[in-house]
Amino acid sequence: MNLRVVLKTAFLLFICVDFKVNAEVLESDSLPVLQEWWRAPADIIGLGRSVSFLPNFYNGKDAIVVSVPDPTNPFLPMHFHTWLNRFPGDTQNVFSWKGGNVKSGDFNGDGITDYVDGAGYIYKGIQNGQPPMPEPVARYISGENIFDFNSDGFDDIYAINEDKILYGSTDLTKLVSVNAEFTGMLTQNFTALQNSPGRIQIY
Ligand SMILES: [Ca+2]
Ligand SMILES: [Ca+2]
């Protein structure tokens, strides 16, 4: 097991421990008991394998992206639907994605939120608080972390599994990626250094 794999594993363990600690803190704060919102029918296999949260997505409301199996055949590729919480059990799809694990950022720097899905498709934002253009404008890499790594005002996409950073830019159809060297434990505050042309270190 090389150092990089060890560090990534340590990072994941750190996240798990952090969630556990936070959960214990929440329990000690005696928060109200959550009410069941909706229970999926037992015959829907694979529903919700990936879920992501999108703040201020639809008419100013928050949304969740949920993987939904094909109703005709559970072995077909998943659909990725967007649900709101307008009433208990509101599973009406308000936006379809080509992949789950959707992340948001302003990749073209126009002040409007854009999105990247888990299949690497980029969706250009039209207006904050509203869904983006229904068809993606380009496909690159899916990213686990969105951050302006090179401090140029455009959010960037870091794909930890591919060790690449896709730099945001004005034209979303012509984005450029570089190799990223993972050298330590990621925290919420990233530091990125360019140590040679086209290659940066993150820690
Ligand atoms: Ca934008
Ligand atoms: Ca940037």
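**Strand pairing, core and local geometry in a predicted model**

Biologist: In what sense do β1 and β2 run, and how many bridges join them?

Modeller: In this predicted model, β1 and β2 run antiparallel. Valine 51 stands opposite valine 66 in β2. The number of bridges joining β1 to β2 is 5.

Biologist: Which residue in the turn of the β1 and β2 hairpin has a positive phi?

Modeller: The two strands of this hairpin have 2 residues between them. Within that turn, a positive phi of about 50° belongs to asparagine 59.

Biologist: Why does asparagine 56 count as neither buried nor exposed?

Modeller: Asparagine 56 lies in strand β1, which covers residues 51–58. Its phi is near 50°, a positive value in a residue other than glycine. A buried residue needs 20 or more C-beta neighbours within 10 Å and an exposed one has 12 or fewer. Because asparagine 56 has 14 such neighbours inside 10 Å, its class is partly exposed.

Biologist: Where is aspartate 163 placed, and is it buried, exposed or partly exposed?

Modeller: Aspartate 163 sits in the loop between β10 and β11. Although it is not a glycine, it has a positive phi of about 50°. It has 14 C-beta neighbours inside 10 Å, and therefore counts as partly exposed.

Biologist: Is proline 77 buried or exposed?

Modeller: The loop between β2 and β3 holds proline 77. Its C-beta neighbours inside 10 Å number 12, and the limit for this class is 12 or fewer. Proline 77 is therefore exposed.

Biologist: What distance separates the C-alpha atoms of proline 77 and glycine 99?

Modeller: Along the chain, proline 77 and glycine 99 are 22 residues apart. In the model, their C-alpha atoms are separated by 9.9 Å.

Biologist: Which element gives the largest share of the largest nonpolar core?

Modeller: This core has 24 residues, and those with the most contacts inside it are Val65, Trp97, Ile122, Ile157, Tyr158 and Ile165. The elements giving two or more residues to it are β2 (61–68), β3 (79–83), β6 (114–116), β7 (121–123), β10 (156–159) and β11 (164–167). The largest share, 4 residues, comes from β2.

Biologist: Which are the edge strands of the open sheet of 4 strands?

Modeller: The order of that sheet is β5-β6-β7-β8, with antiparallel pairing. An edge strand here pairs on one side only. The two that do so are β5 (103–105) and β8 (138–139).

Biologist: What percentage of the residues of the protein count as buried?

Modeller: The protein contains 1 helix and 14 strands. Residues 24 or more positions apart account for 31% of its contacts with a separation of 6 or more. Of its 203 residues, the share that counts as buried is 23%.

Key: Residues are numbered from 1 along each chain as its sequence is written. Chains are lettered from A and ligands numbered from 1 in the order in which they are written. This is a predicted model: local features need pLDDT of at least 70, side-chain atom pairs count only at pLDDT 80 or more; totals for chains, interfaces and linings use all residues. Two residues are in contact if their C-beta atoms, placed from the backbone, lie within 7 Å. A nonpolar core is a set of buried Ala, Val, Leu, Ile, Met, Phe, Trp, Tyr and Cys residues joined through C-beta atoms within 7 Å. Two strands pair if DSSP finds at least two bridges between them.
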